[in-house]
Amino acid sequence: MTPMKNDPITVEVVRNAIVAYADEMAEALCKSAYNMMIYEVRDYCCGLIDTTGRMISQNRGGLPIFLADLGIAVEDGIKKYGLQGFEEGDVLVMNHGHICGQHLNNVVVYAPCFHDGELIGFAANRAHWVDIGGGRQGFGSNATTDIFSEGLQMRSLKIYKAGELNDTLYQIIQDNIRYPDASLGDLRAQVASCQIGAKRYAELVARYGRGVVESCVETIWDQTDKAARQVIERIPDGTYSAESFLDNDGRDLATPLRIAVKVIVSGSTITVDFHGMHPQVNGPLNSGRSGGIAAARVAFKALTSPELDVNEGCFRALNVDLPDGTILSARPPAALGQWSIALPTVIDTILKALAPAVPELIPAAHKGDMGGCSFFGFYEDGSRFLLMNIFGGGWGGRPHEDGESAAVSVCQGDVRNTPVELQEIKYPFIVERHALRPDSGGAGEHRGGLGIELTYRCLRACRGNINFDRTVTPPWGLHGGHTGEVSVAIIDRADGTQQRVNKATDVHFAPGDRITFLTAGGGGYGDPRKRSRTDLDEDIANGLVSREAAVRDYGYAEPQMPRRIAVNG
Amino acid sequence: MNIVGIDIGGTFTDLVGYVDGKIVTSKTSTVPADPTQGIARSLELANCDPNELNEILHGSTIAINTVLERKGARTALITTSGFRDVYAIGRSNRIQAFNLFFKRPQPLVPRSLTFEIPERILASGEVLEALDETTVTAVIAEIEAAGAESVAVCLMHSWANPDHERRVGDMLRKALPNIFVTLSHEILREYREYERSSTTALNAFVGPRVEGYLKRLETYLRSGAFDGKIHIMRSNGGVMSIGQAQEQPVSMMESGPVAGMIGAGRLAKMLGLKRCIGFDMGGTTAKSSLITDGAPAIETGYVIGEEADGQPMQLPVVNIVEVGAGGGSIAWVDNAGGLHVGPQSVGADPGPACYGKGADLPVVTDADLILGRINPQRFLNGGMPLDKAASEQAMLSKVGNTLKLNPVEAALGVAKIADSSMSLSVRAVSINKGIDPRDTAMIAFGGAGPLHAIAIAREIYIPLVIIPKLPGTFSALGMLMASWRQDFVQTFIGRIGELSEAGVEKVYAELVATGREQMKRDGIAENEADHRFFADLRYVGQEHAISIPIENTGMLSGDTSEVRKRFDTEHDRRYSQSAPTEALEIVSLRLVLTAARTDNVAEEWLSRPWEPEAEAEVGSRDVVFNDAAKPLKTAIYWRPALPAGFRLTGPAVIEEPNSTILIHPGDEVVVHEAGHLLVTLAKQSEE
């Protein structure tokens, strides 16, 4: 059978195949990776790119903020070498700050894909290396002020040329990063993953022909676009605005950073206007333009087509109006180490702007930060250790139900915390407590989810970075719901002193010191006095809401009569 | 030797037995309210007198349905102080990444029934804080007062040192003799506190109900003269005694689907297929499993329910990849004009449009009927005539009109999309695992499997498809071949090359001793048991480990070159790369203890020379294959009449009582001497 161009059946076959290939790339990368940022945090994405840098398909289950943004990395290589400048067996590495706009740890690896000697596309992935050199280690440092202090930059360099390893480049990498075994192991996994993707795509083209496959891909993009537009058309036209603040840039602790957005809905398009964003800062709390675009895209996708696969067609109905020089579009040589920190709040704020227009589609604010910690030091034998963990917090109450507790941010999807037993096997710490944080969820008819409490006791001297945000603008409630409890870290020194911090870099810990992370709760949705008394009784019985908070926030009175009391609304 | 296997599924209860030298079968509706009654009826229909039987094997969906319907026991959970919420927090991940209304797994135990007790053990097994028995006593009183029927105990690092768990268990069992107690280390001794808690809670949650069901079953079967063994199918592809099943019901979650794959494995071995893919298509899903050297792959850990909010279970399970496409999967068109099949499916009632019970959603079975692939008069052995006009009407109104396709064109599209989507499950266990499908064969079964298998095989270049005898009740048949099997694991971390002989020996001896205890309880003699050991290995720095078989402890503590070679090779096969110079570490040691069946009647039947059981019967009708406008005049055969050695070339339809086999143009069929159909696919051009 010769498939007709664009017949719906071939389109569906191609749709399944291209995503399955990207998933297969991701599986190979994740399962053989050497650092928890990949195998647990899933700080990676994989996909197929066409010869003009457009995203054919992307894997499911990677980091949500990596939305069809591998293309710019590949496009840079196309510009540099020309389409004739690639040959079979080439593999390129790319993490250039200005082009990619992300911290340098995010290294893109890509390989050209050929059919019958003709370049038909690229297989690419991006993964977070545990270290990329530079002045600081672990994530969460606020100490850098330009991109050069943040590590090695590689701009579309061929690590393999026609299958031949570039020893010079390899050694430069090896000699200039901490934990080279881990990162070079990850590089090996990334290269293998690209080769798998390139091979699969070539097989598909061999089977159906380049013209048919590319035309099917266009159809898939068109369908994705159409689905998004149908949702937008149901939103009333208008200009919607919202504002919030990040606490500070981690250096000047007194100055909050303004996050202001305008969302313009017009017919079947949405424009996100970032003219009100805070100007870029001296520290690393900046991203390149890709940060602003990623934030707008996550919000847009969550609203329009959360269940559809990610590809180039998803965002045709989205315009991003982003002037240069803001914290989401920093000019070089800005430091980008904390590139993603602002994104959860930016996304929350875009959604907040739309809440009056589509109250049924927008929950109250979530915990609003990336929620991680890192500790680093040396074992007795002089070898280094680096413990990293990600934690969840509360999500906002929803139009018809409570928010989820202890879940990772909107910028993180299938990202997992590190098991306590695993941490204690590998690192010199004892975890004393890993629990939900009662009363942290914002009161509401539909309560915000709870944050968590996590206490580490250090067994060896080490250092760590702490990065909490959103105390100036706590996770807000909607439609009468209260704010969620804000995040804080408490350091209890072995000598009995105590310190509360939100942002701190290179904090020294001695054996016996404890640090407790308390993560934020989600905002409440609706007036708490309307909360069903059955639900509230259950919250109290389960210890999620204390009796005092119930009386204070919900107007709770001890049940005198039957347990089920009729509730207004 | 008279044995029967009974597979209770959601819709049907299937029985296959070997009684007085003959195979007997029956298929009857499941009676959800009292599955024992369904068993009684299926025995009766097959003319089986339980008193004449030597052994009964049984698989059931009761455990998994108890979880999916959340109808288990009122369960309490005891944890280490500070870790009450480990089970609720889980891994904090959000699988539905862009969904602002995402769901996470809901614990099976409420927080109000989760109790902390002061005690702490470290990863080394050292006791940091002694067990506070006074608190344990108080907690036991609270549990009793709360009316819990079941208790799960999961303490930190109990995989390294189970003393505290054991003591809490003793106190619980003494104080509350009627309560169902599950201790995490008795289920698995592996690190990762959330997954261990979830597995333990699952066992506790389903325990009382499954225990009650199995006791009733045992009482019923033992009410007469039956004094044979009763074995229960487990997720790991083996069986366990009904006594052990009452203590460890969590291990029977996937009881049903795995049995068919065990059967496929035995058939593969008999046919001399080194590598093949078992493919099982039912009403709602299609399942695939890679079978190597006669055994399906087994992996540790999976999720019960939907991936996003299901309950993690960290026990070995036959690696089956399931996709939501089956005979009852609904075809639909999205707002943007994309045609899809599944994952939603219609149940058995009202079922597909063609059942004529008023349903108007077109499903895969409707498409098959419209295309002439199913005989409307012979569905379910003639028990249910099908209404083709109703299928056409549904196909037109829900698919054809929107896409401007006539019912036949739409039906062909639906069948192709279903095939394409099911081929992804086959792909997941082959290509995605580094296996080239061109080097494999497919063994296809399940009610709808033989109808679609050949198109799927063609889709990914599998050259040979085997349709076994009794494809419609093949899972029940598979039970008759399953070995008694136990899986034990002990987390044990260290670098290869630095492990002491004494250290390895100690873990090894503990595993063997635990196995021996279970053998004694089940009356398995030493010479019947087969011990196989595996080391979970990884490169230092990696997280995910790969299980590598080892023949003796010296491979880990002495000359480690062989284990090294095996790991590098396997890593390269799975992930297309390896690092032969990097340090390796062991994470866990595993023991798989099996005792093969003492009889081999089912295998013998699988290879027994085939004699036709009916008169030849050949007809023909129009069947649509690749071109909706040009149906092909297609010969129809009655399988029970085809003699061994019989050959035919497609297009053809081969019908049999509980299944239909579709042979595409150019494909060649030969009836194997034992009666299985071997279908060699016509060579396709690869352009």
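Reader: In which sense do strand 6 and strand 7 of chain A pair, and over how many bridges?

Author: Strands are DSSP runs of E with at least two residues, helices are runs of H or I with at least four, and both are numbered from the N terminus. Two strands pair if DSSP finds at least two bridges between them. Here strand 6 (residues 157–161) of chain A and strand 7 of chain A are antiparallel and share two bridges. A:Tyr160 faces A:Leu165 of strand 7 of chain A. This is a predicted model: local features need pLDDT of at least 70, side-chain atom pairs count only at pLDDT 80 or more, and totals for chains, interfaces and linings use all residues. Residues are numbered from 1 along each chain as its sequence is written, while chains are lettered from A and ligands numbered from 1 in the order in which they are written.

Reader: What is the strand order of the open sheet in chain A?

Author: The order of its seven strands is 2-1-5-4-3-6-7, with antiparallel pairing. Strand 2 (55–58) and strand 7 (164–165) of chain A are at the edges with a single partner strand each, so one side of each has no neighbour in the sheet.

Reader: How is the packing of two helices described?

Author: One gives the angle between the helix axes and the distance between those axes. Axes are lines fitted to C-alpha atoms, for helices over the stretch in contact, and angles run from 0 to 180 degrees between N-to-C directions. In chain A, the axes of helix 6 (residues 180–208) and helix 7 (residues 210–232) come within 6 Å and cross at roughly 110°. These two helices of chain A are therefore roughly perpendicular (angles under 35 degrees count as roughly parallel, over 145 as roughly antiparallel, 65 to 115 as roughly perpendicular and the rest as oblique).

Reader: Which residues of helix 6 and helix 7 of chain A meet?

Author: Two residues are in contact if their C-beta atoms, placed from the backbone, lie within 7 Å. A:Leu204, A:Val205 and A:Tyr208 of helix 6 of chain A meet A:Arg210, A:Val212 and A:Val213 of helix 7 of chain A.

Reader: How many residues of each chain are in contact where chain B touches chain A?

Author: The contact joins 59 residues of chain B to 64 residues of chain A. Helix 12 of chain B gives the largest share of the chain B side, seven residues.
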